[in-house]
Amino acid sequence: MNVQLASGTNESLAGYAESMFLSATAIYAFALVLLVIELATTRVSATAARDRSRELVAAGGAPIATEATPGLVVDDGSRRSRSERFGRMGYAVVVAGLLLHVASVISRGIATGRMPWGNMYEFVSITCAGAVLAGLVLLRKSQTRPVLVFVLVPVLALMFIAEGVLYTTAGPVVPALKSYWLAIHVSIVSIGGGIFLVSGVASLLYLLRRRYELPDGTVAVPSNGYGRLVEALPPAQVLDRVAYGTVIVAFPLFSAGVICGAIWAEAAWGRPWGWDPKETVSFISWVVYAAYLHARATAVWRKAAPYLNVLGFVTIVFNLFFINYVVSGLHSYAG
């Protein structure tokens, strides 16, 4: 039998929502293992092919195809198919985890009778769901799927923090948040932040890969774990396209979220903008991402674009945690 609290919260359904959140976290972790196996086995296959090519060339035989010698037939089907199977399984498991994750968000909303993003726990949850959705859409191809590994790592970290540190019992929100703008403003900003996470990860990996990538697309890296990781990443050009494509989607969303926040502030506080700490940092984030798009489209500043993209995501994380819990303001929980 469902239990109704005095506040009108359905306690049983809220408990199911939390269980689904925890289950989704476990499923994401399992998917991460599968995708890491794909990454490792793909790297092993490429290395084995190059080693066999060198051996045959040294013996006077015909070279075996490698990434650096396209167009030749390579007898490496078993390894590559096994790697691909792990990747496809990992991708499917991520989809299952996202469905359960979304179900937990919806269940918590039904249990509380409101939009389920009225506190930091719920906000982080929907942000992570947005990041996973963006990753599934933008990183579905085998060439870009390795990036999904590095997206799931911060997503899992945020979900562990949400459950272990930020968890808030399901219930009503404070009167100031009882507005339809909660559904519009917060959802747009959180989903935009999740997409920015994918973009920030792609730019970090781009900077890492670009440091070692040669003009022919190969990489000159040391023969250790770090070098193998760099070699397994997609080409720098592909990572740059992923980063740019995600910002193109997230920036208009974030802009709309800031505008909606200003409209809500006018209705709630009698002014659209007051340079509150969160408003100030949000404006800084907007400027940084606008500068990234400008730099990305300008030949002179293009090399600075990935650094701006990473800086933009740092400001998003800073706004999410530091401003909320350390600095006292109208939007924060400090004080």
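Biologist: How many of the 19 residues of α3 are buried?

Modeller: This is a predicted model. Helix α3 covers residues 120-138 and reaches 27 Å from its first C-alpha to its last, close to the 27 Å expected at 1.5 Å a residue. The helix is mostly covered, and the number of its 19 residues that are buried is 16.

Biologist: At the start of α3, which residue has a side-chain oxygen that reaches to the backbone nitrogen of Tyr121?

Modeller: The contact lies at the start of α3 and ends on the backbone nitrogen of Tyr121. The side-chain oxygen comes to within 3.3 Å of that nitrogen, and it belongs to Asn119.

Biologist: Which residue in helix α4 pairs with Glu84 of helix α2?

Modeller: Side chains of opposite charge can pair when their charged atoms come close. Within helix α2 (residues 77-112), Glu84 and Arg88 lie four residues apart, about one turn of the helix, and their side chains meet in a salt bridge at 3.2 Å, N to O. Glu84 also forms a salt bridge at 3.3 Å, N to O, with Arg145. This pair links distant parts of the chain, 61 residues apart, and the partner in helix α4 (residues 145-164) is Arg145.

Biologist: What is the distance between the closest N and O atoms of Glu213 and Arg209?

Modeller: Glu213 is partly exposed at 23% relative accessibility, while Arg209 is buried at 5%. The two form a salt bridge, and their closest N and O atoms are apart by 2.8 Å.

Notes
Residues are numbered from 1 along each chain as its sequence is written. This is a predicted model: local features need pLDDT of at least 70, side-chain atom pairs count only at pLDDT 80 or more; totals for chains, interfaces and linings use all residues. Side-chain values use heavy atoms; hydrogens and water are left out. Helices (H or I, at least four residues) and strands (E, at least two) are DSSP runs, numbered from the N terminus. The expected span of a helix is 1.5 Å times one less than its number of residues. Buried means under 20% relative accessible area, exposed over 50%, partly exposed in between (1.4 Å probe, protein chains only). A polar contact is a pair of N or O atoms within 3.5 Å; within protein, one must be able to donate a hydrogen and the other to accept it, and residues adjacent in sequence count only if both atoms are side-chain atoms. A salt bridge is a side-chain nitrogen of Lys or Arg within 4 Å of a carboxyl oxygen of Asp or Glu.
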